[in-house]
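Reader: I should like to learn how to read a protein chain from its atoms. May we proceed by question and answer?

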Amino acid sequence: EVFLPEETRGATPVDFLQQLPSYQSALRRRATAGTQDRRAASQDPAGLRAAEGRGLQQEGDEVAARPAREHPLTIAEKRRLRYCQQADIKYLSGWKQWKRTSSKSLKKVLSEVKELSSYLELWRHDIHSIEGKFGTGIQSYFSFLRFLVLLNFIIFILMFSLVTLPSIISKYGMFNSSFAKIPPKNVEPHCTVYEPSGNKGLVYFYTYLKDLLSGTGFLEVTVLFYGYYTIDAEWISIQKYNLPLAYLLATFGYLALSLVWIIKRSVGGFKQNLVHNKDPFQSYCNKVFAGWDFCITDPNAARLKHRSLQYELQTDLEEERLKRKIADRTTKEKLRIYSLRIFINIIVIAVLSGCFYSIYRATVFSQENSNVSIGHDVRRDSANLLVQYLPSMVITLANFIAPQIFSFLIRFEDYSPAFEIRLTLMRCVFVRLANIGVLLFSLWSQISYCATDKCNACGYNYELYPCWESEVGQEMYKLMIFDFIIILAVILFVDFPRMLLVTHCSCKPVQWCGLQEFGISDNVLEIIYGQTICWIGTFFSPLLPAIATIKYFIIFYIKKISLIHTRKPAARPIRASSSNFFFLVVLLIGLLLAFIPLGISIAHIPSSKACGPFRNFNTSWAVVPHTIDGFPTGLRQVLYGIASEAFAVPFFMVICLIMFYFIALAGAHKRVVEQLREQLVMVRFDPLFCSPKV
């Protein structure tokens with residue numbers, strides 16, 4: 001054996017982390033604690049054992065109170081630590097002893113409550129069963145579906161408690177309550193005329209079915225839509241309830257709740273995604289040494305996981321090959337590839353433009369031809385129902401055709417496999433969410449179109465849309481119902497017949513087609529599309545979250561049955577951590593998209609003068625300054641000062657400084673991580689970082 005000289009070992013470079021002030025402070029605290037423990041140990045042998053315990057607990061009282069099982073130690077060390085902790089208790093004051101005992105008891109109670117609450121978790125057994133049979137990738141989809149069920153249920157509770165319940169209580173006179181309808185002032189009389197198309201007289205059964213599908217008729221005058229809440233003031237007992245302000249605050253509340261909840265859930269996924277994607281070598285090691293999913297118990301799922309790992313390794317090798325190919329490209333080849341990509345993107349823009357124009361024309365045609373009174377004729381009513389659902393049909397058709405075209409075109413753009421998947425998904429996200437925006441733009445163009453002075457006096461097309469908020473709510477309602485019908489129809493009339501053919505027919509073409517794959521990304525985009533509709537439509541239809549909750553609750557069981565019996569897991573699954581982060585990012589994009597139409601509806605478009613809680617205000621936002629004007633003078637001046645430019649500019653500058661500070665801090669942390677990575681590499685090659693023995 002050859003030993004390094006003493007001078008060489010002494011010349012080992014000092015770790016740069018030891019130069020940090022926090023490290024030096026920790027050394028001083030440890031030195032002080034060690035001196036005190038040695039003094040106590042010199043006076044009493046029992047104090048020596050306590051000093052050893054305090055030496056192992058250098059993190060303070062909080063760490064000392066941690067059970068021995070939570071420390072990363074061997075069994076013998078844990079026993080010694082527990083003995084030292086028990087000896088150390090004798091030298092604590094009564095207050096510290098009570099504090100440590102109560103802390104342990106509280107942790108035990110919280111642990112038991114957490115364990116008990118896990119049994120009450122929605123679909124806990126079902127999701128664990130899916131995870132065991134099909135892996136964490138598919139399990140992440142069902143966990144995401146459960147999150148949307150809980151989110152919509154809480155939004156429903158918020159809207160029902162702040163908007164719907166007070167309106168019902170006041171209209172029916174419960175708890176000594178009452179309400180008042182104040183006619184709008186300085187408004188032309190023709191703007192206040194609103195006669196809902198409620199069913200009167202003898203009504204056929206199919207009429208109820210048509211109303212249930214379209215949101216018209218008897219549903220138009222229920223608590224489901226905006227027009228029901230035509231209340232200007234409420235008194236519950238002797239307390240006045242400001243329904244217009246509550247309606248607006250509830251809208252801001254469910255949007256803020258959704259935003260905070262999504263960001264909170266996405267932080268963990270972002271960290272994992274950052275770690276997985278930062279270093280290709282680390283990603284390769286993770287696949288080789290930690291890629292297996294030990295939750296899998298089903299043999300078929302195990303074989304699928306084997307193929308998945310094989311595919312991921314092949315994908316990594318293919319990406320490396322493409323990187324070398326890109327590096328070796330000549331100028332002529334680069335010019336050809338870039339020209340081809342520009343041409344394909346022009347085709348993509350043309351497809352999107354065609355989808356948007358079709359939705360616009362279908363919406364205009366539907367709005368102009370579906371409001372005609374046509375009596376009780378089954379054929380005409382059926383035709384009218386089809387006309388009303390025409391925008392929903394065109395949007396669904398665009399959502400189906402456009403992704404197929406994108407998947408075909410992406411093959412010619414010569415991207416890496418991972419980037420192909422991301423780019424195709426982002427295009428699909430854009431076409432799905434933009435279709436909703438085009439629909440709303442088409443509706444607003446019809447609502448805002450005025451060709452007469454009487455129409456200009458109202459600020460909107462009062463003849464076609466006396467209560468335009470309810471009309472928009474009906475469109476969102478139809479989109480959600482039709483989306484649910486399409487999901488059911490695909491499973492019943494496509495997946496089940498295909499499964500029967502594959503099972504009972506031995507023809508080569510049928511067996512070659514096989515079962516339909518359970519595409520995680522496609523299914524997630526499907527429910528995110530519905531959730532975006534719910535966010536936009538809740539302002540115009542306060543009980544739409546309840547419908548979304550029931551819809552996703554049913555979809556969970558439908559998708560579960562479809563996964564087990566009629567579909568097979570995708571041959572190219574995605575990692576659960578990255579998929580969860582991607583789901584939440586797309587959901588966040590849908591939420592941000594919902595802010596735009598809601599902001600325009602609240603702050604820009606004049607509110608209906610014939611219905612709703614905002615009929616006495618020019619816009620829905622006008623209720624906020626009107627409420628502030630009723631506050632005391634001091635509070636009113638403070639609120640107006642916060643909303644003024646004198647406060648906004650310094651506040652913006654402070655926010656920018658804080659942001660720059662965190663950016664600089666993140667950059668410093670990134671440099672530290674890079675230096676640690678360099679040191680890990682040096683451990684393998686530099687003998688100065690190795691053991692003294694060579």
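Reader: Among contacts between residues at least 6 apart in sequence, what share joins residues at least 24 apart?

Author: The model shown here is predicted. A contact means heavy atoms within 4.5 Å. Among the contacts in the chain between residues at least 6 apart in sequence, the share that joins residues at least 24 apart is 75%.

Reader: How many helices and strands does the chain have, and what share of its residues counts as buried?

Author: The chain has 25 helices and five strands. A residue is buried when its relative accessible area is under 20%. Of the 694 residues of the chain, the share that counts as buried is 40%.

Reader: Which residues form the disulfide, and how many residues apart are they?

Author: A search of the whole structure finds one disulfide, and its sulfur atoms, from C467 and C611, are 1.9 Å apart. The pair links distant parts of the chain: C467 is in the loop between α17 and α18, whereas C611 is in the loop between α22 and α23. The residues are C467 and C611, and their separation is 144 residues.

Reader: What span should helix α20 have, and what is the distance between its end C-alpha atoms?

Author: Helix α20 covers residues 520-537, which makes 18 residues. The expected span is 1.5 Å times one less than the number of residues. For α20 this gives 26 Å, and the distance between its end C-alpha atoms agrees, at 26 Å.

Reader: Why is α20 described as largely enclosed by the rest of the structure?

Author: The description follows from a count of buried residues in α20. Helix α20 has 18 residues, and it is largely enclosed because the number of them that are buried is 17.

Reader: Which residue forms a salt bridge with E526, and in which helix does that residue lie?

Author: E526 lies in helix α20 and its partner in another part of the chain, so the pair ties together parts that are 33 residues apart in sequence. The closest N and O atoms of the salt bridge are 3.3 Å apart, and both residues are buried. The partner is K559, in helix α21.

Reader: Which residue meets K560 in a salt bridge?

Author: The count of salt bridges comes to five. In one of them, K560 of helix α21 is linked to a residue of helix α7 that is 434 residues away. The N to O distance is 2.9 Å, and the partner of K560 is D126.

Reader: How many residues apart are K478 and E475 in helix α18?

Author: K478 and E475 form a salt bridge, with their closest N and O atoms 3.1 Å apart. In an α-helix there are 3.6 residues a turn, so residues three or four places apart point the same way. K478 and E475 are about one turn of the helix apart, a separation of three residues.

Terms used
Residues numbered from 1 in each chain as written. Predicted model: local features only at pLDDT ≥ 70, side-chain atom pairs only at ≥ 80, totals over all residues. Heavy atoms only, no water. Disulfide = S-S within 2.5 Å. Helix = DSSP H or I, 4+ residues; strand = E, 2+ residues; numbered from the N terminus. Buried < 20%, exposed > 50% of the residue type's maximum accessible area, 1.4 Å probe, protein only. Salt bridge = Lys/Arg side-chain N within 4 Å of Asp/Glu carboxyl O.
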